[in-house]
There are 4 protein chains.
Amino acid sequence: MSKIKVGIIGGAGYTAGELIRILLNHPQAELAFIQSSSNAGNPIYEVHRDLLGDTDLTFVAEPDFSLSDVIFLCMGHGKSKEFVTANDIPSTVKIIDLSHDYRLKAEGNDFVYGLPELNRETIRQSGHIANPGCFATGIQLTMLPLAAAGLLTDELHVHAITGSTGAGQAPSSTSHFSWRSGNVSVYKAFQHQHLGEITQSVKQLQPGYDKAINFIPVRGNHTRGIFVSTYTEFAGTLDEAVSLYESYYAEHPFVFVTKENPDVKQVVNTNKAILHLEKHGSKLMILSVTDNLLKGASGQAVQNMNLQFGLDEKTGLNLKPVSF
Amino acid sequence: MSKIKVGIIGGAGYTAGELIRILLNHPQAELAFIQSSSNAGNPIYEVHRDLLGDTDLTFVAEPDFSLSDVIFLCMGHGKSKEFVTANDIPSTVKIIDLSHDYRLKAEGNDFVYGLPELNRETIRQSGHIANPGCFATGIQLTMLPLAAAGLLTDELHVHAITGSTGAGQAPSSTSHFSWRSGNVSVYKAFQHQHLGEITQSVKQLQPGYDKAINFIPVRGNHTRGIFVSTYTEFAGTLDEAVSLYESYYAEHPFVFVTKENPDVKQVVNTNKAILHLEKHGSKLMILSVTDNLLKGASGQAVQNMNLQFGLDEKTGLNLKPVSF
Amino acid sequence: MSKIKVGIIGGAGYTAGELIRILLNHPQAELAFIQSSSNAGNPIYEVHRDLLGDTDLTFVAEPDFSLSDVIFLCMGHGKSKEFVTANDIPSTVKIIDLSHDYRLKAEGNDFVYGLPELNRETIRQSGHIANPGCFATGIQLTMLPLAAAGLLTDELHVHAITGSTGAGQAPSSTSHFSWRSGNVSVYKAFQHQHLGEITQSVKQLQPGYDKAINFIPVRGNHTRGIFVSTYTEFAGTLDEAVSLYESYYAEHPFVFVTKENPDVKQVVNTNKAILHLEKHGSKLMILSVTDNLLKGASGQAVQNMNLQFGLDEKTGLNLKPVSF
Amino acid sequence: MSKIKVGIIGGAGYTAGELIRILLNHPQAELAFIQSSSNAGNPIYEVHRDLLGDTDLTFVAEPDFSLSDVIFLCMGHGKSKEFVTANDIPSTVKIIDLSHDYRLKAEGNDFVYGLPELNRETIRQSGHIANPGCFATGIQLTMLPLAAAGLLTDELHVHAITGSTGAGQAPSSTSHFSWRSGNVSVYKAFQHQHLGEITQSVKQLQPGYDKAINFIPVRGNHTRGIFVSTYTEFAGTLDEAVSLYESYYAEHPFVFVTKENPDVKQVVNTNKAILHLEKHGSKLMILSVTDNLLKGASGQAVQNMNLQFGLDEKTGLNLKPVSF
């Protein structure tokens with residue numbers, strides 16, 4: 001098989017950088033073009049400085065869809081829909097969108113929600129994928145087995161701490177090192193935009209579920225990784241819960257259920273998700289750790305590409321953990 | 001008035017260090033002795049190295065109670081009770097214990113739980129104070145006004161992130177820089193030992209409350225500060241809640257209710273607690289930020305000493321925030 | 001004596017914030033006004049959020065010099081000269097400028113270089129003080145005793161690592177948390193603008209010195225504190241060097257010479273400087289640690305104010321170290 | 001060709017962990033055994049927790065040399081020599097030692113110093129490799145082209161900042177998070193043990209060089225990466241220096257000379273070294289950034305293994321940078 005030719009739209013941001021890092025080593029894919037309006041003509045490594053020596057590619061101003069089998073849309077939220085509308089993208093070119101724009105089902109939206117642990121078979125058949133949000137990924141993984149078994153009976157209580165890269169590279173008061181170093185804060189409590197896709201997925205599996213999903217997002221003072229804690233009422237035993245989760249994820253190669261108390265750095269720079277369950281009184285607590293830029297964004301996007309093109313899901317995603 | 005003569009037992013640990021830092025500048029107190037078995041004879045500044053130039057005191061091996069009006073017990077949990085039992089402490093010497101040992105009411109325990117926002121008048125009359133835990137302080141401050149008004153009706157959902165100094169200076173796998181830097185993890189979920197004193201205080205104000213207090217403690221990768229988020233069902237409006245909290249804390253000089261979204265570094269190196277309330281659907285969320293070593297430990301201990309000796313609560317506690 | 005009435009010009013930046021934090025607790029000074037064009041009318045604590053509960057002052061648009069005995073200029077470099085030129089500041093109002101503008105001697109510049117360890121007596125007599133740069137302070141303290149004794153004979157090799165607050169609060173690519181966290185980089189090697197004032201001071205003490213001062217400034221990934229290492233040829237013994245430094249700084253209350261290997265956090269949130277000397281072969285190495293916002297900026301500015309007004313140098317500067 | 005069978009001795013430490021992370025994805029190598037006395041029988045992923053899901057191997061108590069083509073010695077300094085002496089290692093088994101034990105030339109020491117940019121051809125022929133120290137690697141790379149051209153004429157001034165993983169996983173006062181976070185300190189100034197191997201290499205290329213190499217090692221508050229600055233007298237132009245360095249490293253695939261000011265995170269989690277040169281007056285400054293655990297330890301060890309077995313130097317070392 002010839003290699004998959006990949007185009008990236010919006011190549012200067014964090015998620016595009018991660019895609020490039022992965023795809024440069026992907027044995028079945030090659031970078032056809034990387035578009036960036038503001039950086040056109042410049043070498044990739046001048047923006048993604050760690051890629052010095054890894055690639056001599058330069059950014060292009062305009063995509064040439066005829067060169068690509070698939071394009072990744074890595075522009076900001078709202079810009080993907082604009083781009084798809086404004087451009088005549090051939091139907092033979094697959095699209096993986098990393099923005100929020102197509103995640104929610106709607107009239108005329110033919111994008112499949114790209115969470116392989118929820119929709120793997122549909123992803124394999126689909127030309128258009130809406131790649132999930134980073135919080136949404138880590139959070140849904142704590143809930144899917146319960147929902148699939150129809151065992152959600154009460155409210156869900158979710159707390160999740162994210163690294164600074166989740167907020168992208170645009171400078172802001174909360175991205176300033178002097179402020180964020182050693183600091184903790186909450187934002188968009190109970191109102192985070194990822195609640196939409198989370199609720200949609202839970203109801204896909206357990207349509208009658210109508211309790212609140214309470215979600216407190218926290219800004220941590222690390223750069224990569226999301227730590228999620230979820231708990232809810234669960235009538236069964238811990239063993240039953242563990243069996244449920246192990247069984248649900250048995251065929252999903254990036255998700256692991258562990259008896260050990262997890263930490264975020266176990267998964268940083270990997271596409272893995274590690275889950276851990278505890279039962280306390282009537283509550284089942286499920287923890288998950290993921291890397292927001294990989295399983296929460298670009299790693300999952302490549303996982304989706306692999307599925308779309310009939311490759312093994314893990315191709316190009318055996319990444320060395322940074323560990324420290 | 002002559003200055004309060006202070007003795008410190010177990011002077012080499014973090015909380016003792018903070019006590020010394022505060023008391024060196026306290027206008028109404030002076031350090032009579034600082035005991036440390038393992039460091040006897042050595043200058044204080046060899047252990048608390050930032051105190052170079054601030055004091056020439058040396059650690060003593062044995063306390064001489066006759067020199068002190070009050071002693072602070074800064075040994076590990078379990079050791080305070082041993083110490084009080086083994087030593088013949090004159091009844092004229094007040095005791096402020098920073099350990100867990102006397103926080104829970106029990107037959108023969110004459111220590112008053114030293115949370116001024118709960119027990120200020122009793123503290124003023126008491127010779128023996130059990131200083132609250134750091135998590136317990138930040139968490140109780142989010143709950144006291146509701147409990148005092150008898151308005152707790154459902155479970156409490158508490159999530160709190162602490163800095164590394166909360167775990168003391170003994171090295172452990174989770175205190176190793178290479179592991180903790182950039183990392184997040186949970187420990188003792190639903191089982192943290194501070195739940196005992198939290199529950200005791202809530203029931204002191206609202207005796208009939210019998211719902212679960214769900215508490216997930218998180219290890220953050222900062223050194224100082226605790227960020228607490230608490231939420232529960234609340235039938236009133238946000239304005240009513242804010243009024244309730246402002247009214248409850250009106251006469252408590254270290255607690256502030258703010259309309260702005262808070263962050264931990266607002267209070268680091270101060271004895272302050274900042275609270276922030278939001279209403280989402282039927283839920284009232286209360287956030288608090290405190291410094292675990294000050295309002296969560298040694299600052300509060302000095303606040304208690306001030307109360308015991310009839311001083312203004314804030315004496316010696318107008319500390320310069322570090323801010324960054 | 002009535003309190004010194006202080007005005008601050010440019011009140012929204014980092015150095016102004018630190019001045020306010022110090023002066024709110026200064027027993028002999030009071031804040032008369034805090035000017036900020038962009039924040040006029042807003043409470044101080046909305047910008048310096050850690051000051052919630054500490055002051056109800058608001059920013060003013062225009063300074064009223066008649067209200068103040070001294071003004072601190074905390075605007076950016078280049079703006080102080082503009083301000084002094086554009087405004088008719090009464091000659092009775094003392095000025096302490098924290099910018100670069102008046103540090104170098106020049107025709108018509110009547111500002112005294114405000115390093116008390118170099119110019120204390122002159123500062124006492126002077127109405128106009130140019131407060132030293134942060135790097136410049138930490139570096140000069142490693143050199144002054146040698147220069148005063150005429151013992152500089154060869155090149156000086158200086159390496160200094162600064163925290164992020166040294167670069168102020170304007171966002172930039174190098175202040176972005178995602179970049180700076182866990183990162184190290186060098187800037188303006190051999191060309192840093194503080195070399196001018198450093199050279200000027202060294203030559204004030206040892207006029208014939210004409211060797212290179214090689215200076216490599218490093219961006220660390222902490223927020224506060226400067227670590228300086230300086231070395232040069234020194235013919236004497238270590239003991240002689242230590243005696244020289246101890247003697248030079250004996251009457252300077254913020255500078256300490258220690259036999260222990262120092263670290264930055266010994267001085268963070270204090271106005272102290274800690275020095276440490278080692279002799280290796282023919283080289284004398286002198287290390288210094290200071291807090292760039294205090295001894296390197298606002299703390300030293302208050303020290304200068306104290307001197308100008310005949311107060312004890314340490315008044316209001318017994319600050320609790322943050323230590324962790 | 002069948003895969004290289006690899007044994008690791010001392011499998012629980014940081015460098016062993018990195019070796020395993022690399023070798024699990026190395027296309028031409030496979031892990032034959034991982035020895036650890038203290039962890040025998042336990043799964044690898046219980047110690048190196050990020051490897052959960054990547055391997056089911058367990059630690060063995062005793063190595064079986066007959067199973068391996070090469071062994072990596074990852075025990076502490078001093079223990080390698082003990083191990084080699086105590087065990088009858090077949091001469092057909094190649095040895096790569098990551099300790100200090102065999103780096104210095106000595107009677108009876110047949111280990112080749114494993115810096116490929118210095119000794120590539122000899123490494124290819126050698127069964128026994130002494131892998132360089134982490135500081136030593138980053139520092140030598142700044143000096144080799146000058147020494148090879150015989151252009152070192154004066155003292156070398158070296159300053160290098162390392163991450164915490166350079167000190168290994170044993171807990172100590174300087175590895176405690178509460179101390180090290182936000183802190184900077186110097187250790188072993190002018191006396192670091194790596195000076196021996198650095199001097200040896202410089203003299204290998206320029207035998208007559210007899211000036212001082214002044215080296216100040218700094219503990220940074222990051223986990224991975226070494227930033228080196230070196231400067232010395234250089235009579236030529238910057239262009240000449242850049243040509244010299246580019247030419248020297250042209251055939252060395254992991255070393256890059258860049259015109260941009262570098263930072264440590266450009267190379268974290270890679271085997272790359274990035275160099276940058278500046279000329280200031282008569283001084284040439286050379287900066288280098290490397291990952292202390294990869295190019296400074298385990299990555300370089302695999303690079304050496306590749307050379308020993310006739311593979312492309314980069315095999316298995318195209319690692320995804322962590323970048324943030």
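The following legends describe close-up views of a predicted model.

Residues are numbered from 1 along each chain as its sequence is written, while chains are lettered from A and ligands numbered from 1 in the order in which they are written. In this predicted model, local features need pLDDT of at least 70, side-chain atom pairs count only at pLDDT 80 or more, and totals for chains, interfaces and linings use all residues; side-chain values use heavy atoms, with hydrogens and water left out.

**View 1. The open six-stranded sheet of chain A.** The strands of this sheet follow the order β2-β1-β3-β4-β6-β5 and pair in parallel. Strands β2 (29–35) and β5 (112–113) of chain A stand at the edges with a single partner strand each, so one side of each has no neighbour in the sheet. Helices (H or I, at least four residues) and strands (E, at least two) are DSSP runs numbered from the N terminus, and two strands pair if DSSP finds at least two bridges between them. Four bridges link β1 (residues 4–9) to β3 (residues 70–73) of chain A in the parallel sense. Within this pair, A:Gly7 has A:Ile71 of β3(A) as its bridge partner.

**View 2. Helices α1 and α3 on the sheet of chain A.** Helix α1 (residues 14–23) of chain A packs on the sheet and touches β1, β2 and β3 of chain A. The direction of α1 makes about 160° with that of β1(A). Helix α3 (residues 79–86) of chain A also packs on the sheet, where β1, β3 and β4 (94–97) of chain A are touched; the direction of α3 makes about 140° with that of β3(A). Contact means heavy atoms within 4.5 Å. Axes are lines fitted to C-alpha atoms, for helices over the stretch in contact, and angles run from 0 to 180 degrees between N-to-C directions.

**View 3. Strand β9 of chain A and its partners.** Seven of the seven residues of β9 (residues 213–219) in chain A are buried (under 20% relative accessible area, with exposed over 50% and partly exposed in between; 1.4 Å probe, protein chains only). In a regular strand the side chains alternate between the two faces of the sheet. On one side of β9(A), A:Ile213, A:Phe215, A:Pro217 and A:Arg219 are buried, as are A:Asn214, A:Ile216 and A:Val218 on the other. Strand β7 (residues 156–162) of chain A pairs with β9(A) in the parallel sense over seven bridges, and A:Val158 stands opposite A:Phe215. Strand β8 (residues 185–186) of chain A runs antiparallel to β9(A) and is joined to it by two bridges; here A:Val186 stands opposite A:Val218.

**View 4. The axis relating chains A and B.** Copies are superposed by least squares on the C-alpha atoms of residues with pLDDT of at least 70 in both. In chain A, the C-alpha of A:Asn221 is nearest the axis, 3.4 Å from it. The same surface serves both copies, as 100% of the contact residues of chain A recur in chain B.

**View 5. Packing of helices α1 and α10 in chain C.** Helix α1 (residues 14–23) and helix α10 (residues 298–308) of chain C pack at an angle of about 55°, and their axes are 8 Å apart. That makes α1(C) oblique to α10(C); angles under 35 degrees count as roughly parallel, over 145 as roughly antiparallel, 65 to 115 as roughly perpendicular and the rest as oblique. The residues of α1(C) that meet α10(C) include C:Leu19 and C:Ile22, and those of α10(C) include C:Val302 and C:Met305.

**View 6. Packing of helices α5 and α7 in chain D.** The axes of α5 (residues 134–148) and α7 (residues 195–205) of chain D come within 9 Å and cross at roughly 20°. The two helices, α5(D) and α7(D), are therefore roughly parallel to each other. Among the residues that meet are D:Ile139 and D:Met143 in α5(D), and D:Ile198 and D:Val202 in α7(D).

**View 7. Lys188 in chain A.** A:Lys188 has a positive phi of about 55° although it is not a glycine. Most residues other than glycine have a negative phi. A:Lys188 lies in the loop between β8 and α7 (195–205) of chain A and is partly exposed, with a relative accessible area of 41%.
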